[in-house]
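Colleague: I want to learn to read a fold from its strands and its core. Can you take me through one?
Modeller: Gladly. Here it is.

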Amino acid sequence: MAKADSVFQKRLEKHHDELRWLYMELYENDNMFAELSSQLYEYYTQRKKPLKKMDEQREKEPDWYKKNDILGMMMYIDNFAGNLKGVEEKLDYLEQCQVNYIHLMPFLDTPKGRSDGGYAVSDFRKVQPQLGTMEDLESLTDACHKKGMNVCMDFVMNHTSEDHEWAVRARRGEGEYMSRYFFYDNYSIPSEYEKTVPQVFPTTAPGNFTWLEDAGHFVMTTFYPYQWDLNYKNPRVFNEMVYNFLYLANQGIDVMRIDAVPYIWKELGTKCRNLKQVHSIVRMMRMICEIVCPGVLLLGEVVMEPEKVVPYFGSVEKPECHMLYNVTTMATTWHTVATRDARLLKLQMDIVSRLPKEYVFLNYLRCHDDIGWGLDYTWLMQFGIGEVSHKKYLNDFLTGEFPYSFGRGELYNSDPASGDARLCGTTASLCGIEKAAYERNEDALARAVQLDLMLHAYMLTQSGIPVIYSGDEIGQENDYSYHKDPDRLEDSRYLHRGKFRWDLEQKRTEKGSIQEKLFTGINRLEDIRKAHEAFGTQADVWTFETGDNSVLGIVRKNGAEKLKALFNFSEFDKKVWLDEESGTYTDLISGNKIQGQQVDLPAYGAYWLLSE
């Protein structure tokens, strides 16, 4: 037996019995499982030698992605560099940003005007023509790997575009393809689903079904009418989507972000969210990765609070996703900016810190999406804070509607009836850089830059992988040009999806510019994080009382290093208690020596205090 065959067989034997058991539990179809097993070997043999070599290295060091030198950046290909070749040409810049994990936002083929930002895929094996080709993608991943960079992409599992070949053939009435979706010739069953299934976009895309006049059927469309939900009760759907997954992995993708994971299994009489069959599917995908491409990681998009997303990590014996997003902490961070009250953020940190160290979260300040205010309102109620009124305050503050507020965001999916809305905007604009620069208020601008840097220091203090949203490193502000684009006008998320400002990037070496202060400041924070074991994933982490609700205090202890981090979310200088006993510290950020039980923390200041 060839060495390559023996490697595959060894991996397959390790997982075969569990994989077959889970598959048969869902599908009871021996023939389809046999086909799947055969295709796994085919995709393994198609995997290039450098990728197989990387797989073997990562098998030997399974925690490779848990080191404190991993730094991510999320970007739209066209906005950042025009196309895939353009991104490849800009890898030197990304190296200067110290980025070694690049999340390319959706780039697979989608219909113009009905793409949902790239999440309505019409062909899983074709790149959007204006962005390049699959050969360009492979060239980019090769170039990234030579520089020690990893590439992440979105794999949209829950649905396809109505322009996908399956959907086109289903619309014609071909039964095989209709069975890959949820088709009904009358409203009786859809009406039963609607009794229990929540609406994702109640104002812009109400309901969970769309009537197709030309086909004479209803089809399930959880998100938008042009995105048709796939029926994973059909084994053909699972098999074919796995083949698409492996095809993309073989282009050199290191991290697959599984979009909308909780939605992928539907059951009448339920919310069609987080059902047990979802975990069976994700577990099977994890095993399939470990059989064919063990160097590839699964990143689950699960938008819930940290303690509730934990099941998507699986267990030590039966792991599912390698990584998940820390969505709630991101939203709570902006709540803290608006309220100057860090108590809820402290609570969130305590919850995350109690979770097993094996769990890896992606931490971020902003991303391609909006900010949803899914906060712990039960906890906030003890302070007389109600959900409706508080959401209104947060939105008013961060859109600049509240007196003296500095945020310059815009509402997303606003519902006038309920008063509910989410928020859009770049980090710089939400921190007040846009407003202060426009008003030429130098004092306010200095405070806004300090707030921006403090938030990045906080993000880098959290356990897990920090991910910067492209443009944040140079303080890129909101892009209002979408208001003039008829294809984007109704989606305020394009406020923070503007083109990368290479003209501003040129100013990052201009001493005293906003770009220089942010780029240099964030780079220094990254250098410190990489150099100190206190930021390692095995660190014990806990919060401590600082004596002021606007100041968050975090301790990280790993080996011989003990770090006390302080973050002032207030525009006022603060005196902060460190400990019951006097100590001597070095602030890693400024290099200053600090001694005593109490320290002076400037407005929007951050300290990383290393015990001596």
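Colleague: How many strands make up the closed barrel, and in which order do they run?
Modeller: First, a caution: this is a predicted model. The closed barrel has eight strands, in the order β1-β2-β5-β11-β12-β13-β14-β17, and the pairing is parallel. From one strand to the next, the twist averages 30 degrees.

Colleague: Which strands flank β12, and how many bridges hold each pair?
Modeller: Strand β11 (residues 255–259) pairs with β12 over four bridges, in the parallel sense. There, Val255 stands opposite Leu297. Strand β13 (residues 323–325) pairs with β12 over two bridges, also parallel. Met323 in β13 is the bridge partner of Leu299.

Colleague: Are the two faces of β12 buried or exposed?
Modeller: Start with the general idea. Side chains in a regular strand alternate between the two sheet faces. In β12 (residues 297–300), Leu297 and Leu299 lie on one side, Leu298 and Gly300 on the other, and all are buried.

Colleague: Which residues have the most contacts inside the largest nonpolar core?
Modeller: In soluble globular proteins, nonpolar side chains tend to be buried together. Here the largest nonpolar core has 184 residues, and Tyr232, Phe238, Phe567 and Trp608 have the most contacts inside it. Helix α20 (residues 442–461) gives this core its largest share, 12 residues. A second, separate core has 14 residues, including Val200 and Tyr412.

Colleague: How many bridges join β14 to β17?
Modeller: Three, between parallel strands at residues 360–364 and 465–469. Asn363 stands opposite Pro466 in β17.

Conventions. Residues are numbered from 1 along each chain as its sequence is written. This is a predicted model: local features need pLDDT of at least 70, side-chain atom pairs count only at pLDDT 80 or more; totals for chains, interfaces and linings use all residues. Side-chain values use heavy atoms; hydrogens and water are left out. Two strands pair if DSSP finds at least two bridges between them. Axes are lines fitted to C-alpha atoms, for helices over the stretch in contact, and angles run from 0 to 180 degrees between N-to-C directions. A nonpolar core is a set of buried Ala, Val, Leu, Ile, Met, Phe, Trp, Tyr and Cys residues joined through side-chain atoms within 4.5 Å. Buried means under 20% relative accessible area, exposed over 50%, partly exposed in between (1.4 Å probe, protein chains only).
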